[in-house]
Structures are given as C-alpha cells and as structure tokens.
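The points below are meant for someone opening this structure for the first time. Please keep the sequence and the 3D view side by side while reading.

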Amino acid sequence: MSSPYDTIIYEKQEGVAIIRMNRPEKLNALSQQMLEELATALSSAESDPEVRCVVITGVGRAFSAGADLSELQARYEKQEPVNLGQHLRRYFNPLILRIRRMEKPVIALVNGVAAGAGLGLALACDLRIASEDAKFVEAFTKVGLIPDSGCTYFLPRLLGLDKAMELVMTGDGIDAAEAHRLGLVSQVLPRQEFEAQGLQFAKQVARGPTRSIGYAKRAINRALTSSLEDALEYEAYMQELAGRTSDHLEGVRAFTEKRQPQFTGR
Ligand code: T3D
C-alpha cells in the first residue's frame with residue numbers, strides 16, 4: 001500500500017509508532033505540509049490501540065531545524081500577507097498540545113540538530129534521548145523572533161530561568177553532553193548504537209502499563225500549574241482510575257508471585 005505521507009515516514013514496530021521527519025536536505029525544516037502530516041500521524045498513533053509508545057525522530061543529520069524559513073522567505077518575496085501568530089495557532093500549537101495531551105508516552109529520539117520550533121517539538125515530548133552528536137539551538141532570536149512552540153513554557157521549567165534566558169538571548173547551541181548535564185535530555189547514546197538502543201528503550205516502554213502511564217502524564221501536566229492541594233487531590237482521583245486497570249491487578253499479582261508482570265496496556 002502506498003504511504004499517505006510525503007514528508008514523514010510512519011511505521012510501527014512492537015507497539016511503537018515511529019514518526020520520522022523526512023526532508024533531510026532541509027534538515028527536516030517544518031514545512032506546512034510536514035506540519036499537517038505530523039498532525040495526522042500523531043492522531044493515528046493516538047487512536048491506534050496497538051500503539052503503546054510514540055517515537056519522533058529525523059532522517060539524516062538533523063532532528064529538525066525548525067520552521068521552514070525558505071517557505072517564509074518565498075512568501076515575503078511575493079509580498080504575501082504573513083501573520084506568524086495565525087500560523088502558529090493553526091499549525092504549531094495544535095501539534096504541541098496533541099503531544100502533551102496524548103495519554104501515551106511520546107519520546108523524542110534527537111538524532112542531530114534540533115533548532116527553533118524543532119527544539120520546541122522535542123521539548124514537548126515526554127523525554128528526549130540524544131545522539132552524542134546532537135545539538136540544541138534556541139535559534140529564534142537569530143532570526144529576530146521569540147521562542148515559540150512551547151519553548152517559553154518548557155525551557156525555564158527544564159533548565160531554570162537564567163540558563164533558559166542565556167540560550168534565548170544568545171541563540172547559541174549546546175551539545176548533547178551539556179544538554180544532559182543541564183537535564184534537557186535523559187540519555188545520550190553513542191552515534192553507532194543510537195537508533196537501535198533508542199528504539200529498544202521505546203519498545204520496553206511500550207510493554208509497560210500504558211493506561212497508568214497516560215494517567216500519570218495527565219496528572220503531571222496538570223500539577224505543573226496547580227497548587228499542592230490540587231495536585232494531591234488530582235493524584236487521588238487518578239489513582240482511583242489507575243486502581244481499576246487490569247495492569248494494576250496484574251502488577252500486584254506478579255509481585256506476589258515473584259515474576260515479571262505481563263502488562264497489556266488496559
Ligand atoms: O509561524 C511561523 O512559521 C513562525 C515560527 C517560527 C518557528 C521557528 O522555528 S523560527 C527558527 C527557524 N529555524 C532557524 O532559524 C534555524 C535555521 N538553521 C540554522 O540555523 C542552521 O541550519 C542549523 C544551526 C540548524 C544547522 O547548521 P548547519 O551549518 O549544520 O547546516 P546549514 O548548512 O545551515 O543547513 C543545511 C541546509 O538546510 C541548507 O540548505 P542548502 O544551503 O544546503 O540548500 C539550509 O538552508 C537548510 N536549512 C536549515 N535550516 C533551515 C533550512 N531550510 C529552511 N528552513 C530552515 N529552518
């Protein structure tokens with residue numbers, strides 16, 4: 001069957017949906033078409049019961065270099081009216097919200113440079129695993145823009161205010177080792193084994209109690225902007241739901257029987 005996608009590659013392996021941004025000659029810059037295809041792919045991963053973990057990565061030497069500046073330049077040259085705010089609201093913001101709201105784990109395998117909105121996309125994922133030669137660039141101010149695609153939200157939370165501001169003000173990049181030291185990525189893997197090890201990790205996550213992981217994500221998302229009282233109450237509410245899953249029963253049974261649990265994601 002022919003693929004419905006031109007700018008991404010979508011495949012499934014052992015419960016993992018792998019979404020590869022595929023415009024390597026443009027460092028996987030986010031064209032309008034790619035943004036639309038990413039939204040479609042995320043939506044199908046979300047609704048597919050076989051999918052218990054989603055991986056986003058890039059083909060070639062980049063994760064993504066952010067918004068496609070050549071598309072933007074073409075519109076400026078034609079003197080077309082350009083409203084960046086509308087463009088963000090229509091294409092970028094829904095993508096970031098879809099990743100955050102999806103009650104399945106979403107992992108960014110950052111295979112190379114992640115810049116601008118490409119960095120925003122990686123930051124919106126639940127965690128980032130970087131190749132040793134990956135780079136993280138808050139490129140926005142280099143082109144006279146402000147951080148978008150969730151960067152103003154995630155960067156200070158992950159890095160603290162002053163480091164986030166330093167990266168924003170300079171537009172300079174940091175390498176994978178520095179990103180790991182600062183807590184921006186959870187693992188750095190050697191280039192040669194990057195894809196195999198990264199996917200192995202995702203497949204392990206896909207064998208986990210998917211529904212509870214989804215509930216945990218919902219509770220953590222909410223706790224980021226709530227009071228302790230609200231967070232505690234929401235934990236109690238979500239724990240009630242987690243306690244009704246078959247994976248909870250299986251987890252308790254496996255523990256008492258001293259064996260590995262066989263989670264089904266239900
Ligand atoms: O509503 C809206 O659309 C506004 C939203 C804005 C969100 C944003 O993301 S703004 C920020 C956009 N991104 C950038 O400003 C980053 C631009 N790219 C770079 O700074 C550098 O390419 C990198 C630091 C990422 C990598 O540098 P390097 O030296 O490894 O590669 P390169 O030679 O610069 O790029 C290789 C090719 O990719 C090159 O094409 P060519 O000359 O070989 O034909 C380059 O033009 C192309 N490319 C890289 N980034 C983009 C791009 N083409 C279009 N858009 C890009 N963002």
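1. The area buried between domain 1 and domain 2 comes to about 890 Å², with 45% of it on carbon and sulfur atoms; like everything that follows, this value is computed from a predicted model. The domain assignment places domain 1 at residues 8–206 and domain 2 at residues 210–256, and the centres of domain 1 and domain 2, taken over C-alpha atoms, are separated by 27 Å.

2. Turning to the contacts across this boundary, 13 residues of domain 1 meet 9 residues of domain 2, and 7 residue pairs are in polar contact between domain 1 and domain 2, both members being at pLDDT 80 or more. The side of domain 1 that touches domain 2 draws at least two residues from each of α3 (84–101), α5 (151–159) and α8 (194–206). Between domain 1 and domain 2 there are 2 salt bridges. Arg218 and Glu103 form a salt bridge in which the closest N and O atoms are 2.5 Å apart.

3. Arg100, which lies in helix α3, deserves a separate look, since with a relative accessible area of 16% it is buried. The side chain of Arg100 reaches the backbone oxygen of Ala124 at 2.8 Å, and, residues up to four places away in sequence not being counted, Arg100 touches Ala124, Cys125, Asp126, Phe154, Lys217 and Asn221.

4. Which residues touch the most other members of the largest nonpolar core? In this core of 50 residues they are Leu30, Leu38, Ile56, Phe63, Leu121 and Phe136. In soluble globular proteins, nonpolar side chains tend to be buried together.

5. Apart from neighbours within four places in sequence, Ser131 is in contact with Val110, Asn111, Ala176, Val188, Leu189, Arg191 and Phe194.

6. The structure holds 20 salt bridges, and one of them joins the side chains of Glu14 and Lys203, at 3.7 Å from N to O. Because Glu14 lies in the loop between β1 (8–13) and β2 while Lys203 lies in helix α8, this pair ties together parts that are 189 residues apart in sequence. Glu14 counts as exposed at 60% relative accessibility, whereas Lys203, with a relative accessible area of 14%, is buried.

7. In another salt bridge the side chains of Arg23 and Asp68 meet at 2.8 Å, N to O. Arg23 is in the loop between β2 and α1 and Asp68 in the loop between β4 (62–64) and α2, so the pair ties together parts that are 45 residues apart in sequence. Arg23 is buried, at a relative accessible area of 14%, and Asp68 counts as buried at 6% relative accessibility.

8. Most residues other than glycine have a negative phi, and two residues may be checked with this in mind. Leu27, in the loop between β2 (16–21) and α1 (32–47), has a positive phi of about 50 degrees although it is not a glycine. Gln79, in the loop between α2 (69–77) and α3, has a positive phi near 55 degrees, and Gln79 is exposed, with a relative accessible area of 71%.

Methods
Residues are numbered from 1 along each chain as its sequence is written. This is a predicted model: local features need pLDDT of at least 70, side-chain atom pairs count only at pLDDT 80 or more; totals for chains, interfaces and linings use all residues. Side-chain values use heavy atoms; hydrogens and water are left out. A nonpolar core is a set of buried Ala, Val, Leu, Ile, Met, Phe, Trp, Tyr and Cys residues joined through side-chain atoms within 4.5 Å. Buried means under 20% relative accessible area, exposed over 50%, partly exposed in between (1.4 Å probe, protein chains only). Domain bounds come from an automatic or database domain assignment. Contact means heavy atoms within 4.5 Å. Buried area is the accessible area (1.4 Å probe) that two parts lose on being put together, summed over both. A salt bridge is a side-chain nitrogen of Lys or Arg within 4 Å of a carboxyl oxygen of Asp or Glu. A polar contact is a pair of N or O atoms within 3.5 Å; within protein, one must be able to donate a hydrogen and the other to accept it, and residues adjacent in sequence count only if both atoms are side-chain atoms. Helices (H or I, at least four residues) and strands (E, at least two) are DSSP runs, numbered from the N terminus.
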